[in-house]
Amino acid sequence: MNNKYFIGCLAVILCLLPLFGVQGYPLHIIITILIWSFAYTGWSIMGRFGLVSLGHGAFMAMGGYITALLWNYLGMSPWLGIPIALVITGILAIIVAYPCFKFRIVGHYFALVTLALSEVVRQVIIATRDYTGGSLGYTPEPHGEGWSIYAIQFPDDRIVFLYIAIFTWLVGIIIWKIIDGSMSRYALEAISEDEDASSAIGVKVTNEKLKITVLSAIMTAFAGALYCQYQMFISPDTIGGVGISLQIVFAVVVGGIYSSLGPTVGAVITLILAEMLRISIGTATVNLTESLTINAAGFPLFIYGIMLVGFIIFLPKGIVGGLSDLLSKKEDKSFNIKSSNVK
Amino acid sequence: MAEFTESLFSIFFIETLMNGLLLGGILALLSIGLNLIFGVIDVVWICYAEIIMVGMYLIFYLNNDLGFHIIPSMIAGILFSGLVGWLTHKIVISRLIDAAPINQLIATGGLLFFFQGAAMIVFGIEFRNMGMSLGSLALSEDIYLSWTRLLSFAISGVIVVGLYFFLSKSYLGAAIRAISQDKEIMSLMGVDTKKLYLLTSAIGGALAGLAACLLVLQYDVHPFIGLSFGPITFIICVMGGLGNMVGGFVAAFIFSELITIGGYFAEIEWGYVLAFVFFIVMMFIRPEGLFARKS
């Protein structure tokens, strides 16, 4: 399915939104969706090859925290701080992923090692609470009043961030497309089917896996840094830990792991669902009996959970994957071989 | 350096070591049920800690709000967790039994959100405390050991031994062991694998309920408590070798000592960092688990 034009139109429409008077809260939601979409796309470029990582919460937290810490303690501009954060995250990804691939840690063992990584980063942030604020969260110090290009801070003005977010999102999609059309894709698909066989025909297994993992980690870290600059507040639970790692996996699975727009659709659905539930149900409490109350704040998680289980059972290719299968039964034949390649 | 050696032999360090040993009892108990499911069905229940949380809430609710005695509340908690385990397999896992392992893992991740959401809906996000303490045992003037931890230590020992005999001596145990070795052949032999899986899941859930009984006595209950001890439970199972009860038991003690010793010299979080880093490094050295025989 060639959706190049569709994505182009979408980007143009998004760019024109401020002209139609979209601002404030709806604009905030759109920016958040775009930033998360980029993180989800970052996860999906490795997740689609069966490299299911539960450690992306760690990478995202690294991106945000390193940028913010460099700014607050060394006064280093995010223009320099973000690249440094990305490099450090990339190194961390290599340190963890290289032995994993070297020693053939795959499937749910890989997921559990990366899960441990999420926990390590989260616990380090909490343990160094004197510097990072621990579980209470952390705020990059504002650079003077109003705009600061030097500090990439644009308080009270979402339009700049809208364009940054649109650009980032587009780059994410383009990276996805480039990988989709590259030789690495075929190599990685072969690896996800059978490592020994692909190694025998000359695929550099460790090398290919490492490349995609580092790229994926760096993309996620960038999303973390961007999130930090936009929200001006980060905490281990909003951009790190096992919760965020699972949220990333969840959104991509819902949207569709094998399609370029899958992660974006996942982000739209999950974030809008969460916001809608939050607004419509709110955090009201209804007393059923003296001791039992219905606490509406739990509904988003509750419905998330049911949806995730339902998607895995009935629609493992996600919404975009499932839809495009329906629309193009013909293409489906060539796709059939790969229909169960999440290992 | 002198200070360091002094701190090693201080009475508090000995207390730390013993508390670590007792924490190991709790961790072992937490991981036994998961290990059984891991070993037999070959499924990772990411939501295992949340089933414990559900058990804790039920015990808390029956005891604190409805005023039942603690013992029947705990029995109800164990039975209910067993039911939750049974349902988890019946409704979710049985449909995914032939799917890729990672899909099963993600589906139980969905259950994790489901249980957390359900707990929030019913009980809100407040921390709830039973306000019950069994007191502590004074070994000497300076060393105190909590009875709850001693009790969990004893119970998890009994459970490990009991489970060992159940698996090695009983007819059902033999069937469960056989099915964990080869499920295709077992179904050809006329064994109803579905029934055995359901039974194993129910036992695993009930063991989660048992862990809940002991946890509810010493920790506050809140919807996200599972996230605080879930990850450590998984890595204990993996470290010990999936399905290897004895390995899991030993791994629990290694991790608990790492955590408490890390907590003794710095903050408790560094203890966890130490434990997780140790796990990651050990995965590279012995991916099959600590006690796997070299093939």
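The legends below describe close-up views of a predicted model.

Residues are numbered from 1 along each chain as its sequence is written, while chains are lettered from A and ligands numbered from 1 in the order in which they are written. Because the model is predicted, local features need pLDDT of at least 70 and side-chain atom pairs count only at pLDDT 80 or more, whereas totals for chains, interfaces and linings use all residues.

**View 1. The contact between chain A and chain B.** Chain A contributes 47 residues to this contact and chain B contributes 43 residues; two residues are in contact if their C-beta atoms, placed from the backbone, lie within 7 Å. On the side of chain A that touches chain B, at least two residues each come from α4 (78-102), α5 (107-127), α12 (241-255), β2 (293-295) and α14 (299-314) of chain A. These elements are DSSP runs numbered from the N terminus: helices are H or I with at least four residues, and strands are E with at least two. The largest share of that side, 15 residues, is supplied by α5(A). By class, the side of chain A that touches chain B has 35 nonpolar, ten polar and two charged residues. Here Ala, Val, Leu, Ile, Met, Phe, Trp, Tyr, Cys and Pro count as nonpolar, Asp, Glu, Lys and Arg as charged, and the others, Gly among them, as polar.

**View 2. Helices α3 and α5 of chain B.** Helix α3 (residues 48-65) and helix α5 (residues 101-123) of chain B pack at an angle of about 20°, and their axes are 9 Å apart. Axes are lines fitted to C-alpha atoms, for helices over the stretch in contact, and angles run from 0 to 180 degrees between N-to-C directions. The two helices are therefore roughly parallel to each other (angles under 35 degrees count as roughly parallel, over 145 as roughly antiparallel, 65 to 115 as roughly perpendicular and the rest as oblique). From α3(B), the contact takes B:Glu50, B:Met53, B:Val54 and B:Tyr57, and from α5(B) it takes B:Leu112, B:Phe115, B:Gln116, B:Ala119 and B:Phe123. Seven of the residues in this contact are nonpolar, one is polar and one is charged.

**View 3. Helices α8 and α10 of chain A.** The axes of helix α8 (residues 183-193) and helix α10 (residues 205-231) of chain A come within 10 Å and cross at roughly 115°. This angle makes α8(A) roughly perpendicular to α10(A). The contact joins A:Ser184, A:Ala187, A:Leu188 and A:Ile191 of α8(A) to A:Val205, A:Glu208, A:Lys209, A:Lys211 and A:Ile212 of α10(A). It comprises five nonpolar, one polar and three charged residues.

**View 4. Helix α10 of chain B and the residue after it.** In α10(B), 14 of the 16 residues are buried, and the helix is mostly covered. A residue is buried if 20 or more other C-beta atoms lie within 10 Å of its own, exposed if 12 or fewer, and partly exposed in between, with C-beta atoms placed from the backbone. Just after α10(B), B:Gly241 takes a positive phi of about 95°.

**View 5. Two loop residues of chain A with positive phi.** A:Arg104 lies in the loop between α4 and α5 of chain A, and its phi is positive, about 60°, although it is not a glycine. With 13 C-beta neighbours inside 10 Å, A:Arg104 counts as partly exposed. A:Met232 is placed in the loop between α10 and α11 (236-239) of chain A and has a positive phi near 55°. A:Met232 is partly exposed, with 16 other C-beta atoms within 10 Å.
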